[in-house]
Amino acid sequence: MSALRRQSHTCHTICQYPTVFLLLLLCGSAFAGEAAVDPTDNGVDVLQDSTVDIDSRSSETSVAAEELVDPTLTREYMGPLADAVTQAEGKAEALSILGSEIAPGTSQRLSWSATELFEGVPVSTPVLVANGIAPGPTLCLTAAVHGDELNGIEMVRRIFHDIEPRKLSGALIGVPIVNVQGFRRGSRYLPDRRDLNRYFPGNPNGSAAARIAHSLFVDVIANCDALIDLHTGSFERTNLPQLRANLRDPDVVTLTHGFGAMVVLHSKPTIGTLRYAATLAGIPAVTVEAGGPSQLELAEVKHGVKGVESLLTTLGMTRKRRLWGNPEPVYYRSSWVRADNGGILLSDVSLGSTVRKGDLLGTITDPMSNARTELRSPYSGRIIGMARNQVVMPGFATFHVGIETDEVSASEDKEVEVVEKTGDGGYVDGMSE
Ligand SMILES: [Zn+2]
């Protein structure tokens, strides 16, 4: 199936189900998941602009909002990702995106401008497009939706550097720095301290975040047959390279099979994330989490690139040797260990360590009283995310323990049993993409 045909599906659906789409827009803006917590910020202007996009931490409201959207309506038209591969026959067509026509077998660097700075100068960011010589799916890569997450930027560069359009089937679209304003400031957030990844699919008449989200979604994401959104941990936390995927969605499961031996964590996407909005619009999407913010971590970058390049081969877009010895993905459900005391957190385990129930994960020492508390693993599993050594408050999510399971069990409600002990549905500030 050509990218163009798929694109027309997406537009068709928006027109066909305007009520659902409107609801989506409302959900995206009204139930933004996470409050921005820039330490230099008193939050005043966020509070003053309280029209429709009040930041909310309540996972309950998110669930309620999600129930407003009938998934059968939004998914009805969808062709599975596999169609894009198996039905790819005939001749490749020119790819029409951002006002340009990219001929088969060529690549171009385009520019996407979502918004203007205060002085009226458009802010643009590069969009890399490689249109293959043969037909196939259009795969999209987005990075730095959070402006301080650098590993994904380098992953996109490496993946595009390796692609030869004259040997490619289908098309690859990459946006290395989505949140260019946050990137320039070294910040996760937009200049108004909103989290862009709580505003998709956006709203052309909404807040700055909602407008940027809408522009990206309509101008770029609507062209995709599948999406990989590249992230890292946040707030001085780092993640073992892993996929976050909704394993209740068969097309998303298909996508996870392509990444080789990457860890897969079942997670229903938070409303307003790019992954959420894309999947709902019929574009199967996964998030790659690799490493932590504000650093370029070569091992994590290489791991992510290897996963995406495996996917390109699995989808029939490139022909390469098998990249992984063991191509089976490893499925996990997970639970966070939180600090019950404030103080200096020092780890005793490293990312990727295997732990048994009761093993010492780290200690928290009160810098005044010198009282030391131990953090022990409540489960046997693997450390798939953890805080860097730092000063923490009580309640801070410190170690993310992954519990290995099979694909089906990962998507069952067992996950909820584990995370409910935290009393907030497992929600961790800024950890969910
Ligand atoms: Zn992120």
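In this predicted model, L227 touches C140, T142, I221, A278, I283 and A285, leaving aside residues up to four places away in sequence. L227 also belongs to the largest nonpolar core, a set of 100 residues in which V129, A143, I173, A213, I221 and L227 have the most contacts. The largest share of this core, 6 residues, is supplied by helix α9, which covers residues 208-219. Because domain 1 (3-314) and domain 2 (333-412) both give residues to the core, it lies between them.

Within α7, the buried residues are N151, G152, I153, E154, M155, V156 and I159. The elements against which the buried residues of α7 pack are the strands β5 (134-143), β6 (169-175), β7 (226-231) and β10 (285-291), together with helix α12 (298-314).

G152 counts as buried because 32 other C-beta atoms lie within 10 Å, where 20 or more are required. Not counting residues up to four places away in sequence, G152 touches A143, A144, L230 and H231; of these, A143 is also one of the residues with the most contacts inside the largest nonpolar core. G152 and T142 are separated by 10 residues in sequence and by 7.9 Å in space, C-alpha to C-alpha, and T142 is in turn among the residues that L227 touches.

Methods:
Residues numbered from 1 in each chain as written. Predicted model: local features only at pLDDT ≥ 70, side-chain atom pairs only at ≥ 80, totals over all residues. Core = buried A, V, L, I, M, F, W, Y, C linked by C-beta atoms within 7 Å. Buried ≥ 20, exposed ≤ 12 C-beta atoms within 10 Å, placed from the backbone. Helix = DSSP H or I, 4+ residues; strand = E, 2+ residues; numbered from the N terminus. Domains from an automatic or database assignment. Contact = placed C-beta atoms within 7 Å.
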